[in-house]
Amino acid sequence: MPRTSINYTQTNVYKVVCKDLNIKHCYVGYTTDFKRRANEHSRNSQRIILTGPNAMLYDFVKNNGKWSNFDMILIETRQCDGALDAKRIRWDFIVALG
């Protein structure tokens, strides 16, 4: 079955931050379905994930009060030309947020 193409015209750039203000680290990501992605992060943070692009995020969440101690905040919704454009925009926010 072929993959369905992703519509990047409404790409949401978000950050995951800890509710504990003493913890300054955050994760920046992007998605075309904000609610679905938040649910995925919540479910995955409860699993044991040893490798992959988000393994460090989920370990960090587990070690700092679990998903209930974190917020996923929408930074901006942008029209992107595709995955590479979305990744570039995400990187721009990572650099800007330090």
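Helices (H or I, at least four residues) and strands (E, at least two) are DSSP runs, numbered from the N terminus. You are looking at a predicted model, in which local features need pLDDT of at least 70, side-chain atom pairs count only at pLDDT 80 or more, and totals for chains, interfaces and linings use all residues. Numbering starts from 1 along each chain as its sequence is written, and side-chain values use heavy atoms, with hydrogens and water left out.

**Stop 1: around Gly29**

Gly29 has a relative accessible area of 1%, so it is buried. Buried means under 20% relative accessible area, exposed over 50%, and partly exposed in between (1.4 Å probe, protein chains only). Now show the contacts (heavy atoms within 4.5 Å). Not counting residues up to four places away in sequence, Gly29 touches Asn12, Val13, Tyr14 and Arg90. Gly29 and Ala86 are 57 residues apart in sequence, yet 9.3 Å apart in space, C-alpha to C-alpha.

**Stop 2**

Select residues 11-18, strand β1. Of its 8 residues, 7 are buried, so β1 is largely enclosed by the rest of the structure. Two strands pair if DSSP finds at least two bridges between them. Which way does β1 pair with β3 (residues 70-78)? The sense is antiparallel, over 8 bridges. Click Lys15 and find Ile73, its bridge partner in β3. Strand β1 also pairs with β2, again in the antiparallel sense, over 6 bridges. Here, click Val16; its bridge partner in β2 is Tyr27. While both strands are on screen, check the side chains. In a regular strand they alternate between the two faces of the sheet.

**Stop 2: helix α2**

Move to α2. Color Ala55, Leu57, Tyr58 and Val61, which are buried. What do the buried residues of α2 pack against? They pack against β1, β2, α1 (34-44) and β3. Turn to the face directed away from the buried side, and you find the exposed residues Met56 and Asn63.

**Stop 3**

Next comes Lys66, in the loop between α2 and β3. Phi of Lys66 is near 70°, a positive value in a residue other than glycine. Most residues other than glycine have a negative phi. Lys66 counts as exposed because its relative accessibility is 55%.

**Stop 4: Asp85**

Go to helix α3 and pick Asp85. Is this charged residue buried or exposed? Its relative accessibility is 16%, so Asp85 counts as buried. Asp85 touches Gln79 and Cys80, not counting residues up to four places away in sequence.

**Last stop: the largest pocket**

Finish at the largest pocket, with a volume of about 390 Å³. A pocket here is an open set of points on a 1 Å grid over the protein atoms alone, where a 1.4 Å probe fits, with protein on both sides within 12 Å along at least five of seven lines; lining residues have an atom within 4 Å of a point. The volume is the space filled by probe spheres set on the points, which are joined across faces, edges and corners. Select Tyr27, Pro53, Asn54, Leu57 and Arg90, the closest to the pocket centre of 13 lining residues. Elements giving two or more residues to the lining are β2 (26-31), α2 (55-63) and α3 (83-97). By type, the lining divides into 9 nonpolar, 2 polar and 2 charged residues. Ala, Val, Leu, Ile, Met, Phe, Trp, Tyr, Cys and Pro count as nonpolar, Asp, Glu, Lys and Arg as charged, and the others, Gly among them, as polar.
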